[in-house]
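User: Please take a close look at one part of this model, the nonpolar core and the charged pairs around the strands that supply it. I would like one connected account.

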Amino acid sequence: MKERAMPDDGTDLERDLEVALDLLDPVPDGLAVAAIAAFERRVDAELAQLVFDSLATTAAAGTRGPGQPRLLTFEGGPLTIDVEVSSGIAGTASGRRIVVRLEPAQRAEYELWAGDQRVAGVSDDIGRFAVTVPGSGPFRLRCRPADDPQASAVVTQWMSA
């Protein structure tokens with residue numbers, strides 16, 4: 001009577017396939033290191049989530065009239081970003097005044113992008129700043145606590161107001 005060979009657990013096949021792939025389609029130099037580094041990379045900014053929009057609230061109630069500022073609140077990482085956007089500012093053809101307050105109250109570096117315009121600065125000690133930008137269209141904010149160089153920045157989505 002012949003002895004029947006037991007099937008192996010597949011380790012020989014796996015090893016053979018690994019050798020064949022290494023010979024026929026090797027991993028490019030540096031790719032494995034880059035792949036590992038991608039998982040270790042620190043995100044330089046956290047996307048803040050929109051948690052309040054007065055346009056959505058007042059539109060449902062039918063109460064927002066013309067000339068009323070739009071109020072937005074974003075939360076991300078250690079910061080809450082309250083934004084007030086007023087349109088038709090005196091002295092500008094179609095400008096907007098953007099007033100920001102950060103919570104918790106602290107000095108923060110900020111950048112505001114509006115179209116191709118970029119405005120940067122530092123808030124006051126209680127986290128407030130205001131910027132007037134010409135025109136309409138979307139804008140975006142990026143804020144980072146000024147006194148903590150290790151803190152991640154918080155960035156809002158692009159928004160129109």
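**The core and its salt bridges**

Analyst: Leaving aside neighbours within four places in sequence, V100 is in contact (heavy atoms within 4.5 Å) with I81, D82, V83, G127, R128, F129 and L141. The model is a predicted one, in which local features need pLDDT of at least 70 and side-chain atom pairs count only at pLDDT 80 or more, while totals for chains, interfaces and linings use all residues. Residues are numbered from 1 along each chain as its sequence is written, and side-chain values use heavy atoms, with hydrogens and water left out.

V100 belongs to the largest nonpolar core, which has 22 residues. Such a core is a set of buried Ala, Val, Leu, Ile, Met, Phe, Trp, Tyr and Cys residues joined through side-chain atoms within 4.5 Å. Buried means under 20% relative accessible area, exposed over 50%, and partly exposed in between, with a 1.4 Å probe and protein chains only. The members that touch the most others are I81, V83, I98, V100 and F139. At least two core residues come from each of β3 (70–76), β4 (79–87), β5 (96–103), β6 (108–114), β8 (128–133) and β9 (139–145). Strands here are DSSP runs (E, at least two residues), numbered from the N terminus. In soluble globular proteins, nonpolar side chains tend to be buried together.

Next come the charged pairs. The whole structure contains nine salt bridges, each being a side-chain nitrogen of Lys or Arg within 4 Å of a carboxyl oxygen of Asp or Glu. One of them joins D82 and R101, whose closest N and O atoms are 2.8 Å apart. D82 lies in strand β4 and R101 in strand β5, so this pair ties together parts that are 19 residues apart in sequence. D82 counts as buried at 16% relative accessibility, whereas R101 is partly exposed at 41%.

A salt bridge also forms between R144 and E109, with 2.7 Å between the closest N and O atoms. This pair links distant parts of the chain, R144 being in strand β9 and E109 in strand β6, 35 residues apart. R144 is buried, with a relative accessible area of 19%, and E109 is partly exposed, with 33%.

The side chains of E111 and R142 meet in a salt bridge as well, at 3.5 Å from N to O. E111 is in strand β6 and R142 in strand β9, 31 residues apart. E111 is buried at 18% relative accessible area, while R142 is partly exposed at 22%. Finally, salt bridges that share partners join D82, R101 and E103 into one network.

Terms used
Helices (H or I, at least four residues) and strands (E, at least two) are DSSP runs, numbered from the N terminus.
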